[in-house]
Amino acid sequence: MSSALYNYTLKLADDKLVLAQRLSAWTGHGPFLEEDLALTNIALDLFGTAKSLLEYAAKIEGKGRTEDDLAFFRNERQFTNCLICEQDNGDYAKTILRQAFTDSFDYLLYNQLAKSKDETLAGIAAKAIKEITYHKRHSHSWVNRFGNGTDESKMRLQNAMNELWRFTGEFFETTDDDKELSKQGIAVDFSTLKGAWEKEILTLLQTANVAIPLDAYMQTGGRKGIHTEHLGFLLSEMQVLPRMLPDAKW
Amino acid sequence: MSVNVEEVFESKLAKNDIIEPKDWMPDNYRKHLIRQISQHAHSEVVGMLPEGNWITRAPSLRAKLVLLAKVQDEGGHGLYLYTAAESLGISRDEMLDALHTGKAKYSSIFNYPTLTWADIGAIGWLVDGAAIMNQVMLQRTSYGPYARAMVRICKEESFHQRQGYEVMTKLSFGTPEQKEMAQDALNRWWYPTLMMFGPPDVESPNSDNAIKWRIKRETNDQLRQRFVNQTIPQIEYLGLTCPDKSLKWNEAKKGYDFSEPNWVEFKSVIHGNGPCNKERLVARNKAHKDGEWVRAAAAEYGRKQNESAAA
Amino acid sequence: MADSQGPMWEVFVQKKAGQPFVHCGNLHAYDKEMALQNARDLYTRRGEGMALWVVQSSNIVSSSPEDIGSFFEPSNDKIFRHPTFYQIPDGVGHM
């Protein structure tokens, strides 16, 4: 099995899975009913992509495991999502801002990935990009609303920025394996997306009157399985039932 | 020649015609519909909570997707119904206020807790099954917006029941622990589901209006009997046991004789003392309150947009 | 009456290109973009359509039931507006 491809696919999958898990906690608790539906929709899309990616990862692994085995029986140190995905939801400004960051990144990433020489990845990306286009429209328009809304929404958006900005550097981390896969036209080297992402996000932040924190030290570790304390709790909740009855089929 | 609006209204009903929002309607018709439709809407929205409770713990990716889609549908149903009620002259704010202050009712079934994953199966199978039975005839109810909302809702509802039964099937034919989980859920949800059809006919006979206005065609007891008859074979297929020890087939009526649910418990639940009444209202109030700044920001942004568009 | 849920919008869905837009319901939203997105989430989850119109309910001008007599009944008499009124001679083909 190509461990490089396996690891890369898992990174993509884990980002989606963990973020979807966070988003799905909003269902039934959204700021108004229409937004509840919108967020649930986004969570559904993300879980769907995660499932497809995990199916592929399991296939690459070649040990007969399923997407559920990968989702429910790996432990904290085996998850390779970006740290931003596992952060708590906070208030709606924090959730929306996180979406704006990840949607912009995913939009660039999946647009490129749709051209991958790996047919499976290209196929997954082609489907995902339609959804991501919509997600980005949603999150960016809300960032605008908050940044140009009331004093309270502006303040909350700035607070969200102060909390989340330090996790945005991690999007662009790359490895030698990823670079090699990218040379082969299979993977997208995350580091190549930084320029375009910054351009789009800085424009958005300017329109929304959000200031970038001066202390711009970027957190890292997720890609190596070194997570924040959030992930343990998130996985405990997500994995509890299959781990409780490991022989059961669901 | 002046038109007698009341005669027009009555003749519309007599011809099975549809009443639309701008038609004249008697006060009692309008009030009854506002109450019924808004309560139906509240039930959908509150109903998102017991099921939403298990989204983060759904035991497979497919189960998660299906449950998310189901709960999302319920939110959507709430929306269709709120807007149908609004056509009668009440605002969404007023309806939400009534719900949040405990003035408005919603289906009592959602005041029960979802304790295990099997409860999710039981709700889809039993609760949605009962809801379908209650709702099917509303697709031809006299008030247009309500009827149209119900057509959409009924289309989506059968997926919900199948989802629930699929969960129950996987559990009932799974490991001994899973089967036990399924049986336990059935034990707890059986009687509350029977309560969904309302009090016995002796306490709540169908009013003439309910029939004339095409709001109810069958009585509570008739629907309840039909539900039991339909569900027992489904229980038997799963290899589970109905918690009603007195259940017996009655050849003469070609149906089951069954025990009435505990009507004292029912009354206590609808009066606010069920296991989760307080929690449900706290959750809805919190979501609404936490969302206030979001709605205010959106309104302000919308206002600014309108101003610049008009300029 | 003022509602903190934002104005009401009517939603029209077009199933396929070339077909008419059909009214399918309404929703609350605070601005045009939100109305469009919410309409998509609420009314096209099951692939019901390819295109959407949203219109603020306050912008809809409608006839009222009292008008039915004067607005609509006169056209019931004018059967020459219907294709079935006319006889096409055989041999002309489909028209």
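A salt bridge is taken here as a side-chain nitrogen of Lys or Arg within 4 Å of a carboxyl oxygen of Asp or Glu. The structure is a predicted model, in which local features need pLDDT of at least 70 and side-chain atom pairs count only at pLDDT 80 or more, while totals for chains, interfaces and linings use all residues. Residues are numbered from 1 along each chain as its sequence is written, chains are lettered from A and ligands numbered from 1 in the order in which they are written, and side-chain values use heavy atoms, with hydrogens and water left out.

Over all chains, 39 salt bridges were found. In chain B, Arg148(B) and Glu20(B) are joined by one of these, with an N to O distance of 2.9 Å. This pair links distant parts of the chain, 128 residues apart: Arg148(B) belongs to helix H6 (residues 144-172) of chain B, and Glu20(B) to the loop between helix H1 (5-14) and helix H2 (27-52) of chain B. Helices are DSSP runs of H or I with at least four residues, numbered from the N terminus. Arg148(B) is partly exposed at 47% relative accessibility, as is Glu20(B) at 27%; partly exposed lies between buried (under 20% relative accessible area) and exposed (over 50%), with a 1.4 Å probe and protein chains only.

A further salt bridge pairs Glu218(B) with Arg226(B), whose closest N and O atoms are 2.6 Å apart. Glu218(B) is partly exposed at 24%, and Arg226(B) is partly exposed at 38%. Glu51(B), Lys70(B), Glu74(B) and Asp128(B) form a network of salt bridges.

In chain A, Lys183(A) and Glu180(A) form a salt bridge with closest N and O atoms 3.8 Å apart. Both residues lie in helix H8 (residues 176-183) of chain A, three residues apart, about one turn of the helix. Lys183(A) is exposed, at 69% relative accessible area, whereas Glu180(A) is partly exposed, at 38%.

Also in chain A, Val143(A), Arg145(A), Phe146(A) and Gly147(A) of H6(A) meet Ser153(A), Lys154(A) and Leu157(A) of H7(A), contact meaning heavy atoms within 4.5 Å.

Cys154(B) is in no disulfide, and the nearest cysteine sulfur, that of Cys24(C), is 17 Å away. Cys154(B) is buried, with a relative accessible area of 15%; Cys276(B) is likewise buried, at 8%.

Note on methods: Helices (H or I, at least four residues) and strands (E, at least two) are DSSP runs, numbered from the N terminus. A disulfide is a pair of cysteine sulfur atoms within 2.5 Å.
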